[in-house]
Amino acid sequence: MTTTKPDDKAVDADINIRDIDYEQGNEAVEVDHDDGVEVDQAYLSAPRSTRFFRGTLFQMSMFGALSFVGPAMTDAISNLGGGGLSSPYLANLANSLNYAASCVITLFGGPLINKMGIKWACFIAAVSFPLDGSGYYVNAKFGVDWYLLFARVIGGFTGGFLYVGETTAMLSYPHVHERGRYLAIWSAMRNSGSVIGGVINFVNNYKLDSAGGIMWSTYLIFIGFECTGVFWALALSRTKKVRRSDGSKVPYSGDITWKKEFRALYLHIQNKRTWLVFIPAFYSFFYGGVYGTYLSLHFSVRARALSSLITPSAVIVMVMIYGMMLDNKKMTQRKKAWIALGLWAIPQAACLIWTGIEYGKFGSKDVALDYAIDKQRWAEAYLPYFIFFTTGYWTQLSLYWILGTFSSDVKSSSRTGGLFRAFETAGQAVSYAINSNSSDPKVPVYVLCALWAITMPCMVGLIRLVPEKPASVDDVVEAPIEAVAKMEQDTI
């Protein structure tokens with residue numbers, strides 16, 4: 001171990017893709033040359049409040065808070081089935097447009113986040129949070145359709161910045177042995193928001209035992225929460241100032257030009273693991289439109305309100321346990337990945353079969369199942385929804401965790417995370433699109449079954465690539481640079 005103060009460095013090969021620039025300032029930095037970890041001694045000797053404010057735990061808590069008042073409020077509305085409206089089809093169309101807009105931003109999210117920074121990307125998203133609740137409120141009270149569609153499209157564009165920003169932080173900020181815990185904290189905080197939303201839904205709508213829309217005043221409370229998002233975004237630190245629990249810096253390759261950013265993104269698009277994660281990411285939240293429509297069409301308002309409370313409550317407990325499993329140091333990275341796959345893939349396959357059986361029982365009848373009227377029939381039909389929605393978060397955490405095993409570099413994580421969220425939002429856009437009309441509701445279930453079948457071999461291929469230790473640089477971009485350097489050396 002030696003104490004050094006490295007100068008700015010740049011590495012550039014014939015393809016001119018990667019520049020490395022560590023801005024050290026006047027800090028004393030201890031470098032472990034065995035693994036490249038840089039320890040900021042000035043941070044370790046700083047006041048406790050400073051260490052907490054710049055630490056990974058606080059940063060991940062702020063991302064959790066942003067999810068709490070943003071996506072979680074939207075989820076709480078969606079968990080009512082059809083956004084709580086009397087018919088699910090307009091809400092499904094609005095959601096489809098929202099995720100299509102997000103897909104456009106997240107596809108190029110790597111270069112965008114790398115240029116503007118995670119903090120300001122999240123701030124842009126937070127400014128638009130209240131649009132979601134207000135869109136549903138205006139539609140429910142005044143019957144105005146266009147504003148809901150407009151609000152969801154704008155929210156989709158700006159929400160794409162949050163998707164890539166929080167994903168980048170989750171993949172790069174924590175140490176690899178802490179990533180499961182921090183992923184669980186983020187997911188739990190997001191679902192805590194959904195729990196509060198569920199309480200609001202249930203208290204306002206528990207008397208409604210028929211089908212239809214929720215009370216329009218419910219949306220006003222959601223808007224109040226959404227307005228606080230800008231404060232949580234401003235509390236975030238710039239990535240270069242973030243420190244892990246042991247004082248080490250987050251791996252951060254230097255700023256490069258827009259041209260090089262898009263070249264680096266192009267290399268990620270070409271990479272094998274990007275295409276292996278495409279179908280799993282597309283599948284990961286596809287169930288939202290399918291089962292949201294299922295809930296809206298076949299359950300009473302108060303049964304849907306109860307669901308928006310109990311489902312996220314169960315998710316909080318489940319993700320915390322799941323995170324502990326992913327951080328288990330007694331198992332190899334690959335073994336944990338295999339176990340994680342089995343924990344969500346098998347129950348979801350069973351639920352797809354179960355849902356098909358339930359649709360056979362529904363037939364052509366319009367039903368509004370209610371727990372107070374027929375508990376057994378309600379439970380039989382509701383359990384596949386509950387199991388699929390709760391294990392769906394395990395699917396997401398598994399994919400985040402697996403992607404984080406490849407590289408911990410912030411710039412690499414933004415490119416990987418952006419593409420992942422683009423694939424994911426594309427799946428959600430398609431899911432809600434095919435659920436936005438009154439055709440046979442069983443068709444989307446068949447599509448979901450096909451996606452599950454295609455996802456499994458992709459997951460097997462992806463898990464086989466999992467390394468035991470993530471690279472501290474962008475390994476996708478670094479590989480061709482090293483190849484060029486080797487070719488030049490061989491020709492000398």
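## Basis of the model

Residues are numbered from 1 along each chain as its sequence is written, and side-chain values use heavy atoms, with hydrogens and water left out. Because the model is predicted, local features need pLDDT of at least 70 and side-chain atom pairs count only at pLDDT 80 or more, while totals for chains, interfaces and linings use all residues.

## Helix α3

Helix α3 covers residues 56-69. Helices here are DSSP runs (H or I, at least four residues), and strands are runs of E of at least two residues; both are numbered from the N terminus. The expected span of a helix is 1.5 Å times one less than its number of residues. For the 14 residues of α3 this gives 20 Å, which agrees with the 20 Å between its end C-alpha atoms.

Of these 14 residues, 13 are buried, so α3 is largely enclosed by the rest of the structure. Buried means under 20% relative accessible area, exposed over 50%, and partly exposed in between (1.4 Å probe, protein chains only).

A salt bridge is a side-chain nitrogen of Lys or Arg within 4 Å of a carboxyl oxygen of Asp or Glu. By this rule the count comes to 13 salt bridges.

In one of them, lysine 411 meets aspartate 255 with an N to O distance of 3.2 Å. This pair links distant parts of the chain, 156 residues apart: lysine 411 belongs to helix α19 (residues 410-434), whereas aspartate 255 lies in the loop between α12 (229-234) and α13 (258-270). Lysine 411 is buried, because its relative accessibility is 1%. Aspartate 255, at 44%, counts as partly exposed.

## Salt bridges within helices

An α-helix has 3.6 residues a turn, so residues three or four places apart point the same way. In helix α18 (residues 375-404), glutamate 380 and arginine 377 are 3 residues apart, about one turn of the helix. Their side chains form a salt bridge of 3.5 Å, N to O. Glutamate 380 is partly exposed at 26% relative accessible area, and arginine 377 is buried at 18%. Both residues belong to a network of salt bridges that also links Glu358 and Lys361.

Helix α19 holds arginine 421 and glutamate 424, likewise 3 residues apart. The closest N and O atoms of this salt bridge are 3.2 Å apart. Arginine 421 is buried, with a relative accessible area of 2%, and glutamate 424 also counts as buried, at 1%.
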